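Please keep the sequence and the structure in view while reading.

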Amino acid sequence: MRRYWLLKSDPEEFGLEHLARSPRRTTCWSGVRNYQARNLLRDELRRGDGVLFYHSQAKPPAIVGIASVVREGYPDPTQFDSRSPQHDPQSERADPRWFAVDIRFESRLARPLTLPELRAAKGLERMVLLHRSRLSVQPVTAAEWRVVLRLAGTGAAAG
DNA sequence: GCCAACGTTGGC
DNA sequence: GCCAACGTTGGC
């Protein structure tokens, strides 16, 4: 059964436009260094799952697009790269600490759904985004997914 | 830039 | 195992 997720990203670091312009519109979602988020990446995200792409630290913060999971959890290569800011010298290849997935761009929303708008939306009252701070990978229910797509307008703009 | 939330670290 | 100190996220 298809499930749904929300991924946060600072658009100045890596926004939806970066994803849309990546080779095959696909990128390795690396650099997550929070254990709860790690567990989701490693154990829960499945190929074909839907992803809401959220711009954090934006003005205003907003869900801006849709992506999908195209490769399930595998060791995050940046943890082993001593030149990467995400390097984790305590992580060993035989027992990796951090995981990544690959996601692919699917579409832009016809219009961004801002955080205030999400807070005000009927049906999103219990959305994790609105209640738990600092979790960059989080589950979205099928009902919430439908509400978000409906709020975004009929269908998403082609990318 | 401020600061609340909250995860992580490390002394004990 | 507790908890204070510290660092980061991320909204405002």
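A residue counts as buried under 20% relative accessible area, as exposed over 50%, and as partly exposed in between. The model discussed here is predicted. Arg25, whose relative accessible area is 35%, is therefore partly exposed, and its place is in the loop between helix 2 (16-21) and strand 2. Phi of Arg25 is near 55 degrees, which is a positive value in a residue other than glycine.

Gln57 likewise has a positive phi, near 55 degrees, although it is not a glycine; this residue belongs to the loop between strand 3 and strand 4. With a relative accessibility of 66%, Gln57 counts as exposed. The loop between strand 3 and strand 4 also holds Pro60, which is joined to Lys59 by a cis peptide bond with omega at about 0 degrees. As background to these features, most residues other than glycine have a negative phi, and most peptide bonds are trans.

The model contains an open sheet of 6 strands, arranged in the order 2-5-4-3-1-6 with mixed pairing. Strand 2 and strand 6 (137-140) are the edge strands, each of them pairing on one side only, and from one strand to the next the twist averages 40 degrees.

Helix 3 (residues 35-43) lies across strand 1, strand 4 (62-75), strand 5 and strand 6, and runs at about 65 degrees to strand 6. Helix 5 (residues 142-151) also packs on the sheet, where it touches strand 1, strand 3 (50-55), strand 4, strand 5 and strand 6. The direction of helix 5 makes about 60 degrees with that of strand 3.

## The largest pocket

The largest pocket has a volume of about 630 Å³. Of the 20 residues that line it, Lys8, Ser9, Ser30, Gly31 and Val32 are the closest to its centre. Strand 1 (4-9), helix 1 (11-14) and strand 2 (26-29) are the elements that give two or more residues to this lining.

Which element gives the most to the lining of the largest pocket? That element is strand 2, with 3 residues. Sorted by class, the lining of the largest pocket comprises 10 polar, 5 charged and 5 nonpolar residues.

Technical notes
Residues are numbered from 1 along each chain as its sequence is written. Chains are lettered from A and ligands numbered from 1 in the order in which they are written. This is a predicted model: local features need pLDDT of at least 70, side-chain atom pairs count only at pLDDT 80 or more; totals for chains, interfaces and linings use all residues. Side-chain values use heavy atoms; hydrogens and water are left out. On a 1 Å grid over the protein atoms alone, a cavity is a set of points where a 1.4 Å probe fits but cannot get out, and a pocket is an open set with protein on both sides within 12 Å along at least five of seven lines; lining residues have an atom within 4 Å of a point. Grid points are joined across faces, edges and corners, and a volume is the space filled by probe spheres set on the points. Helices (H or I, at least four residues) and strands (E, at least two) are DSSP runs, numbered from the N terminus. Ala, Val, Leu, Ile, Met, Phe, Trp, Tyr, Cys and Pro count as nonpolar, Asp, Glu, Lys and Arg as charged, and the others, Gly among them, as polar. Two strands pair if DSSP finds at least two bridges between them. Axes are lines fitted to C-alpha atoms, for helices over the stretch in contact, and angles run from 0 to 180 degrees between N-to-C directions. Contact means heavy atoms within 4.5 Å. Buried means under 20% relative accessible area, exposed over 50%, partly exposed in between (1.4 Å probe, protein chains only).
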